[in-house]
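Me: I would like to learn how to read pockets and helix packing in a model. Can we work through one together?

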Amino acid sequence: MRPSGRTPDQLRDVRITRNYTKHAEGSVLVEFGDTKVICTASVETSVPPFLRGKGQGWVTAEYGMLPRSTGSRMQREAAKGKQQGRTVEISRLIGRSLRAAIDLSALGENTIAIDCDVIQADGGTRTASITGACVALADAINWLKANGKVKGEPLKQMIAAVSVGIYKGEAVLDLDYAEDSSAETDLNVIMTETGGFVEIQGTAEGEAFTPDELNAMLALAQKAIVELSAAQKAALAG
């Protein structure tokens, strides 16, 4: 039995609330159970120097955890004067994942900056961030289109992400902290809405996982991405 009482293939309750803040061109509160992340998408009508004059845009991302998003208060990274390696790695993961959703040429010389701020952490913050940020990204693109800043359709496809793992010898979906902290294997899977893999991050924390276990975890992830894509589309239709 999982600590949450869920079945092995059961997601936590997923909620996606659009227009969560009023200033950003796209803003979402995404909740995977008790993990809650605010994702904002900000439009900048310029591009980084390495893209100037090339007629294409850019999508970048930053990730961070609020000081009391966890069981004890952590010091703000700004107060330390530098970001932790984990923060940088997750920021880059989110940016890479979201760029797979976009036709950068169709975006024109515009940048969409994504900020994912974890306000409450209970496992799976990076996968929740990607899933919510893609909805905020879609809203930012709709803003660009509505304001005549782009022609055509920059959004190629939706991207979603979920964690899977081996917990007490069994493949399980969408690990919360109780499972994530003691899982034998932890795998993060980012996929397109049509079932293509964007990125897979996996680590054996104890015993090495087998090909059969890997296939079982990927099957759980593929099923979940269908559900998460449906939740994204339902939120965008609302």
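Reply: Begin with the elements. Helices (H or I, at least four residues) and strands (E, at least two) are DSSP runs, numbered from the N terminus. The model is predicted, so local features need pLDDT of at least 70, side-chain atom pairs count only at pLDDT 80 or more, and totals for chains, interfaces and linings use all residues. Residues are numbered from 1 along each chain as its sequence is written, and side-chain values use heavy atoms, with hydrogens and water left out.

Me: Which elements each supply at least two residues of the lining of the second largest pocket?

Reply: A pocket, on a 1 Å grid over the protein atoms alone, is an open set of points where a 1.4 Å probe fits, with protein on both sides within 12 Å along at least five of seven lines; lining residues have an atom within 4 Å of a point. Here the elements are α3 (125-146), α4 (177-180) and β8 (185-192). The lining has 17 residues, and Arg-86, Gly-123, Gly-124, Thr-125 and Asp-180 lie nearest the centre.

Me: How much space lies in the second largest pocket?

Reply: A volume is the space filled by probe spheres set on the grid points, which are joined across faces, edges and corners. For this pocket that is about 350 Å³.

Me: And what about the largest pocket?

Reply: About 410 Å³ of space lies there. Its lining has 20 residues, and Tyr-63, Gly-64, Met-65, Glu-77 and Thr-87 are the closest to the centre. Two or more lining residues come from each of β4 (58-65), α1 (77-80), α2 (85-99) and β5 (111-120). β4 gives the most, with 4 residues.

Me: At what angle do α2 and α3 pack?

Reply: Axes are lines fitted to C-alpha atoms, for helices over the stretch in contact, and angles run from 0 to 180 degrees between N-to-C directions. α2 and α3 pack at about 40°, with axes 10 Å apart. That makes α2 oblique to α3, as angles under 35 degrees count as roughly parallel, over 145 as roughly antiparallel, 65 to 115 as roughly perpendicular and the rest as oblique.

Me: Which residues of α3 and α5 make their contact?

Reply: Contact means heavy atoms within 4.5 Å. α3 and α5 (residues 211-237) pack at about 35°, with axes 10 Å apart. Thr-131, Cys-134, Val-135, Ala-138 and Asp-139 of α3 meet Leu-228, Gln-232 and Leu-236 of α5. Cys-134 is also among the α3 residues that meet α2.
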